[in-house]
Structure formats: C-alpha cells, structure tokens
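Good morning, and thank you for joining this meeting.

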Amino acid sequence: MARFKKDQKRELAPMGTGSMADIVFMFLFFFMVISNMRETNVKVNLAMPAASEIQKLEKKSLVATVYIGIPKNENENTLPPGKVSVQLNDQTVKQENFVKDVRDFIAVEKESRNEEDKQKLTFSIKADKEIQMRYINLIKAELRTNNALKINYATLRKSHD
C-alpha cells in the first residue's frame, strides 16, 4: 500500500476579487430601488383649497412645510379653542411653546442648507380650507419675525367643470 507524504506545505490559492465590485454595485442598486425618501407623517386632516392660478415650485428640496388643520388624533397638541393643530416637521406645536417651536423650526431648516440655498428656502403653508385665517396669520407673523420671508400657500388645481 502506498503512503502519501505530507512533507510539502501547500498554499491556498488567492481569492478572486474580480466580481466583488459587481456584487457591491448589485447591493447598492438593490437598496436604492427598495428604499424610499423619508416623508412627513401628516398628523392633521387637510382638505386644501383649490385655485385657478397656481405655480409649481421648482425645487422641492428647498421647501419647508407647515401643516395647519384639524388634528387626526384627539391627543395632538392644539391651539385654542382646541380644534386646530399646527405641525412643523413631525411634531405638533403646543400653544405655550408656539413662538419658540416656530423659531427653532426655521433655524433648523436654514442650518440644514448651504448659504446659497438659505436664500432660496421657501416656507409652504398647507392649510385645511376650513381653518380660520387668524391661525394662518399667526404662522405668517412668526415666519416674518424670524426673517423667513418667502412664503407659499399650497393649493390644489381647480378643475374647470
């Protein structure tokens, strides 16, 4: 019977890395396809008014949105008399913190952009059509006080019946 000698040390063949780039790009493409951009969870009911003369905003990335409407959840923060809720980003505003929260919202939105985009930043007000104008004026006044002067009202296109 023959015996095999194990005198020689065998080296492992080098691992082929030629297809590693393909695999990385395949994973990258996969995650780009299945992921979606973060969207705000709107905590107020919105039935926006319709308008015949509307203009589309060019860069949605330069828009910060303020939602004003009737809260979907009865536990949400409201402004007096308790039927209107103002939402900045993902949080509704308490009456006692209203000025501070709006100021902070504006500061965060401006800080998250470069110098050129700060000048183009638009604050869009999406308000329910049944909301009294005094609530919208409160927001507008705070925006102006904090030097956020580009304000937009979001509407739906009026259908011509």
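**The pocket and the aromatic pairs**

I begin with the lining of the largest pocket, which by class comprises 10 nonpolar, 6 polar and 9 charged residues. Please keep in mind that we are looking at a predicted model. The volume of this largest pocket is about 860 Å³. Its lining is made up of 25 residues, and those nearest the centre of the pocket are Q55, K56, L57, V63 and N152.

I turn now to the aromatic rings. How many aromatic pairs are there? The count is 2 aromatic pairs. In one, F30 and F31 have ring centres 5.2 Å apart and planes at 70°, so this pair is edge-to-face, the angle being over 60 degrees. F30 is partly exposed, at 44% relative accessibility, and F31 is likewise partly exposed, with a relative accessible area of 48%.

F105 and F123 form an aromatic pair that is edge-to-face, with 5.9 Å from centre to centre and 65° between the planes. Which parts does this pair tie together? F105 belongs to helix α2 (residues 98-111) and F123 to strand β6 (residues 122-127), so the pair links parts that are 18 residues apart in sequence.

Terms used. Residues are numbered from 1 along each chain as its sequence is written. This is a predicted model: local features need pLDDT of at least 70, side-chain atom pairs count only at pLDDT 80 or more; totals for chains, interfaces and linings use all residues. Side-chain values use heavy atoms; hydrogens and water are left out. Rings of Phe, Tyr and Trp (its six-membered ring) pair if their centres lie within 6.5 Å; planes under 30 degrees apart count as stacked, over 60 as edge-to-face and the rest as tilted. Buried means under 20% relative accessible area, exposed over 50%, partly exposed in between (1.4 Å probe, protein chains only). Helices (H or I, at least four residues) and strands (E, at least two) are DSSP runs, numbered from the N terminus. On a 1 Å grid over the protein atoms alone, a cavity is a set of points where a 1.4 Å probe fits but cannot get out, and a pocket is an open set with protein on both sides within 12 Å along at least five of seven lines; lining residues have an atom within 4 Å of a point. Grid points are joined across faces, edges and corners, and a volume is the space filled by probe spheres set on the points. Ala, Val, Leu, Ile, Met, Phe, Trp, Tyr, Cys and Pro count as nonpolar, Asp, Glu, Lys and Arg as charged, and the others, Gly among them, as polar.
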